[in-house]
Amino acid sequence: MTSYKYHSARIASASLPLQPDMQEAIDAIMRGAPPLVLFTTMARDRRLFFKFFNSGLLDRGNLTIREREIVIDRVTASCGAEYEWGVHVSAFAETAGLTEAQIASLVTGGPDDDCWADEDRALIRLCDGLQRNCTVDDEVWAQLAANHSDEAILELLMLAGTYRTVSYLVNGLRLPLEPGARRFPAYSTAGKDTQCDTPRSVGPRS
């Protein structure tokens with residue numbers, strides 16, 4: 001993966017302080033941490049800010065946090081959106097039970113890597129097929145249906161599409177990486193050991 005080269009955004013963040021309801025929306029997600037540059041950039045326009053925030057899928061739904069993060073990480077990696085990938089891996093990979101081999105595989109590997117269980121492979125194939133063809137073939141659909149409700153599959157499709165849009169935003173804006181966020185693994189080192197550590201059990205759906 002090429003080195004991330006952007007150190008300033010094409011559009012400056014909104015001036016502080018933000019309007020109270022926008023600040024409250026950000027605080028509810030960040031829980032005391034500084035706001036992400038993506039959020040403060042979207043805050044330049046009140047309508048766009050709330051359209052963006054109201055489309056989020058990080059609440060409790062039909063997917064486990066592991067399922068959610070596999071999809072988000074694969075889509076953002078496929079789009080080269082290192083900013084968003086790094087935010088999610090830093091914040092959620094441990095809770096989602098993703099091993100280092102799996103984190104690397106989501107960027108430089110594929111669903112057939114040894115580190116994945118069959119149900120995880122179906123999620124990666126879903127993301128890859130959507131990226132290539134903007135549809136889901138019958139084989140992948142059957143794999144998903146074996147482990148997910150209709151409602152969960154709907155959420156998977158929405159989730160993949162949402163984070164393609166987020167990838168457009170962070171790449172098009174050329175947002176600088178967040179301090180301390182994970183970087184893409186290098187092709188030269190990722191995937192050398194694709195044997196999974198046994199992930200610990202993941203908590204309730206989030």
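Reply: Start with exposure: buried means under 20% relative accessible area, exposed over 50%, partly exposed in between (1.4 Å probe, protein chains only). The model is predicted, so local features need pLDDT of at least 70, side-chain atom pairs count only at pLDDT 80 or more, and totals for chains, interfaces and linings use all residues. Residues are numbered from 1 along each chain as its sequence is written, and side-chain values use heavy atoms, with hydrogens and water left out.

Me: Why is R125 called partly exposed?

Reply: R125 has 26% relative accessibility. That value lies between the 20% and 50% limits, so R125 counts as partly exposed.

Me: What makes the link between R125 and D112 a salt bridge?

Reply: A salt bridge needs a side-chain nitrogen of Lys or Arg within 4 Å of a carboxyl oxygen of Asp or Glu. For R125 and D112 the N to O value is 2.7 Å, so the pair qualifies. R125 sits in helix α7, D112 in the loop between α6 (100-108) and α7, and 13 residues separate them. Helices are DSSP runs of H or I with at least four residues, strands are runs of E with at least two, and both are numbered from the N terminus.

Me: Why is D112 called exposed?

Reply: D112 has a relative accessible area of 58%. The limit is 50%, so D112 is exposed.

Me: Why is L159 called buried?

Reply: L159 has 0% relative accessibility, so it is buried. The residue is found in helix α9. Its C-alpha atom is 7.4 Å from that of V71, 88 residues away along the chain.

Me: How do you know what L159 is in contact with?

Reply: Contact means heavy atoms within 4.5 Å. Neighbours within four places in sequence aside, L159 meets that test with L57, L63, R68, V71 and I72.

Me: What makes a set of residues a nonpolar core?

Reply: The members are buried Ala, Val, Leu, Ile, Met, Phe, Trp, Tyr and Cys residues joined through side-chain atoms within 4.5 Å. The largest core here has 56 residues; L38, F39, F49, V71, L98 and L144 touch the most other members. Its largest share, eight residues, comes from α9. In soluble globular proteins, nonpolar side chains tend to be buried together.

Me: How many helices and strands does the protein chain have?

Reply: There are nine helices and zero strands. Of its 206 residues, 46% count as buried.
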